[in-house]
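Reader: Hi! I'm new to this one, could you walk me through it?
Author: Happy to, let's bring it up.

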Amino acid sequence: MALQTGVFENGQWVTRRVSIQDILQQNSQRESTQEQLPFKPPMEQPVVGLLSRTVLQSPVVNWIIPARIRNREKNDVVFIGEDFIQLKEILPNAHLEHVSTKADFGSRIRAARVFGEPRKFIHPPMTEKAQIPLDIDWNELVPPQILVLTLESQELLFLFARPRRDGSIEWKESCIPLSPDASLLEQPGRHLAVDPRSRALAVGAAESSIFIYAAKTMDELRSNISHDTQNWTPLKSERPVAIPGTILKMEFLYPEPDDEHHVILLVVYSRDGKTRMSCYDWDNRHGLSHIRPVVEGFPLSHNQRNPQLLIPLQHGPSFILAGHVEIYIHQEIMTGNPKRSSVSLSKEEGPRYPGNSRRFPTWTSWARTGRNWIWNNKQEENFYLVREDGVVHYMQVNSRSGALTSKAGHFMCNVASAFASLDVGYYLDTPDVLVTAGDMSPGEIVKRTRAQIMEPDFINSIQNWSPTLDLILADAAHSSNPIGGVRRRVLATSGRSPYGAITEIRAGLNAKLGLTFDEDGLAGVTGVWTLPDSSADGVYFLLSFPSSSILIHIAGDASGVETDFDEDNSGVDFEHETLVSGPLGQGLAVQITPRGFIALDTFALGKTLPRKGSWTLPPEEVLLAGAVCSKLSTAYAGVRSQHGLSLQAKSIEPRGEDVKFESTSSVSLSADPTCIEVLEYKRANMLFVATTDGLLRLYKIQEDGSVGRLLEQHQIWQDASTQETLNACQSAVLLHDNPPNASETDIAIVCGLRSGDLYVIELSRTGLEQALGGTTPAPATSFATISSTKRITLGHTTAAVVKDTEGGVSLAFATCGAEFYRLDYGRGRHIGLEVTNIWFTDRNRPSLRQNSVSSICRIPREDYLIRDLGGALVCISKKSFFVAQLEEERHIVPRSIPVQGTPNRVIYSDALKAIFVACLESHTFDPATRDGRQRRYAQSYIRMYDDGPESSSTEAVAEYALNPTARVNALTTWTLESNGRKYVHVVVGSVEGDGRKGTVVCIQKTTKDGKTKLEKTKDMKLKQQVTAIASYGESNFLVVCYGKKLLVYQYNEETKR
């Protein structure tokens, strides 16, 4: 048998005929790590383009499975989507940290399970100091558990993640082809089950057949992989089993606790309108040839005809079947005559949102708690059941006394199959941590104690902006992108009632906010630096203003913030601006102000950074810029005096109770210094000096800290239209990649200019190393160390760059206006400097609007700081103090504006700086009828949300209710010009009644008595439904599509119609 397929050859697609055997052979030999393609430089941004492929990965997660697929010590959970998996680490505080994403399956994922050692054998003791990485056994080739997937490409895939020493992840996989010759409904992969002791697997089709596989033990599998890391498989043999019907559920049951050999498979299926079950049993020692049916075609009751959940119980071959509402326990199935008993719900709770559906909410998922896996010799087991509307029930099952349920609160989201209990606590007195990815709404992570009868405690949210029914581009005039144009925002409708939202879809790095506080006194901060706390009780922050400085202390456990410091209890100079601050070694730190240097004692106990000494300039002199070289205990100052401009270096050394400031060198400057930075490359230190005339100089720093010979100087090039002062460099960092071969290192100096540009100077490695190793000064016209220069426009205000002290040698941060970026030179000059947006997110404020960032620093990692502080990113944004944990992988970071109802259309008005949303909202009412049942109806609304730069509220400003039977199909803005004035209208196209009629409604924003309203100005009735509306040109044209017709309307200035 052969088929036609498309093959990409010589730059074009051609058709070739291949056999099924060729495809299966290629799939079976597919390697887990594919050859890495060479990077290509990014293409120029097109002005207009047509989207022809998926550019944003779907956020929908279908399953959440706790699985240690990296290492025994790594507490991981896997999020599985339509065609991707996300590996996350569970932290002791129950937050999730992203590890890796795998999305190269080339096919959709149909089912997923975990294979390997049971969870009860894996749990290590939990530690509080999670920021200290555990030692990894690099010789452990195979983790205790492996992920199993079935793909639509008819493959059974086993995979695990192997951590590399550099922190990256290598995915190892084994692919087994499934039967491809069957019809679509008979192709295996729709159902997947794994024996609790991982002795067997079962793969089922939608109907008619299942395939049972005997599996190797984990010891046999480890031996297999140790001998051949590329060609391995967990399977030993295979046997098909016919099922006479449509398979509904399939699970392996637990044998009796003392039975080590029997394997039991239960299949629930439907035939001739009736639901039946069959149970198969065999001895694992004798192989699959001895499979026998214990129960075959046993009919289930009418109220179990469509089971939603099949839950195996641990203490023997018993199980729970949950229907839409009813729950039953089935026991004694191995006797051939199973018995069932109903489970009474503690308090049957009605729908949380009865207007959303006429049906009662059904059970959607379940999760066994982690503590059940501890051997405590108890016959009780516990798990959670969740309904589609988020209601959670806690169930306790005893093999002798039956089952009890209790209400366990609810999620503030809709819930589908993506639900799990995380392995955070394993004992009876620790809270249970539950997670759901949400269903057409964002998901949640919550915790609940056994004694808690109220709602669970919220921990964090899981982003999910599906479904997206409409999407628009909106200008953000206050923002810019890394190539100089205006960054356009992507706004999309997302979610369904009651969790509808308008989502701004943003790509970049997520900075998750932890500790935050607002203080009016923070407005105007120009710089922030960290200073150590000698009492090991927290960290100090020195904040600079144009004419003063302040000190802030945050406790090591982030429990408190102290700001009450003055010169009576601290040696910090609070009367002047701080230009720069940094540690010097030997317990000293230095504060550089326009008046000089202040040496602070960071080792003094019982005191707040007492002053150990100072060096002060004469009144007629001023210090313009400074830098600190911590390794050489030297500070540098650019000084303006009556004798001219100079660059001075002073070593700062403790002398008993005092500090000695000793001048080591002085160099003349041609203009006012705007930036002085100490740059480090390998073990060499260099001093970078920029002046107002756009001249850049690079000096070598001698071993005594003095300024040595001039290594390089360079004049920043400029356009004829650019003012010279805008080319002045305000900040600079040195970045380089870290290739395996050190001789291939690429180096760049990145300068932040007043013009809003990044000026990237790529250096020659050999030229720089020769200059550093030479003894004669470089000529003033020499460019031996510079290989190329490049400008990257960030915006129109000053661009500032700051080294990422907790990141790698290739990383830095940049700010410009309202934009905040991560700079990465990790791929060297082959790709160049990569500029990625950083977005702040707050779990309690999903609509958080990002403002400009004025100052940045990193908190050093210390043992006495909790995980949320150690290595955290600190930013000052207007009057807000942010402490955030920065994720390392670029992905979608949405911002959500909650709306009432289910949104289906959205537009943005540039003139009004507002978002208009069409949404459908359901309501219930009690009719005057004898049955007393509530009735429901749906109403369409147009709501207006203020989206100006200073807007802080997420409430609708105004709304307009359409006719009760109207449903919105189209939405646009229409600007009319009359008598020199512009009138902005929102035009709605709808379908009414039974779908045979349509309406066009024009509404306008009005303000009366301080209240904003949306009022109708005109409506037009049409004989068919309106499908699309658009405004055209600047001549007041309105284009309306209805049925098979297209109408063009124009406003008449004379008739005012």
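Predicted model: local features only at pLDDT ≥ 70, side-chain atom pairs only at ≥ 80, totals over all residues.

Author: We'll chat about a surface patch, the cysteines and the cavities.

Reader: Good to know! Which residues make the nonpolar surface patch?
Author: That patch is made by L51, V55 and L56, and its area is about 300 Å².

Reader: Where is L51 found?
Author: L51 sits in a loop, the one between α1 (20–28) and β3 (61–66).

Reader: And is L51 buried or exposed?
Author: L51 is exposed, because its relative accessible area is 70% and the cut-off for exposed is over 50%.

Reader: Switching topic: how many disulfides does the structure hold?
Author: Zero disulfides here.

Reader: What about C413, buried or exposed?
Author: C413 is buried, since its relative accessibility is 0%. C919 counts as buried too, with a relative accessible area of 2%. Buried means under 20%.

Reader: Thanks! Now the inside: how many cavities of 30 Å³ or more are there?
Author: The count comes to six cavities of that size.

Reader: What volume does the second largest cavity have?
Author: The second largest cavity has a volume of about 80 Å³.

Reader: Which elements give two or more residues to its lining?
Author: Those are β48 (695–701), β49 (707–715) and β52 (757–763).

Reader: And which residues line the second largest cavity?
Author: The lining includes F688, L696, R697 and L698. E712, Q713 and H714 are also among the lining residues, as are I749, I761, L763 and I786.

Note on methods: Residues numbered from 1 in each chain as written. Heavy atoms only, no water. Patch = residues over 30% accessible without salt bridge, like charges linked within 9 Å, V, L, I, M, F, W, Y side chains within 5 Å. Areas by Shrake-Rupley, 256 points an atom, 1.4 Å probe, with all protein chains shown as cover. Salt bridge = Lys/Arg side-chain N within 4 Å of Asp/Glu carboxyl O. Helix = DSSP H or I, 4+ residues; strand = E, 2+ residues; numbered from the N terminus. Buried < 20%, exposed > 50% of the residue type's maximum accessible area, 1.4 Å probe, protein only. Disulfide = S-S within 2.5 Å. 1 Å grid on protein atoms, 1.4 Å probe; cavity = no way out; pocket = protein on both sides within 12 Å on 5 of 7 lines; lining within 4 Å. Points joined across faces, edges and corners; volume = space filled by probe spheres on them.
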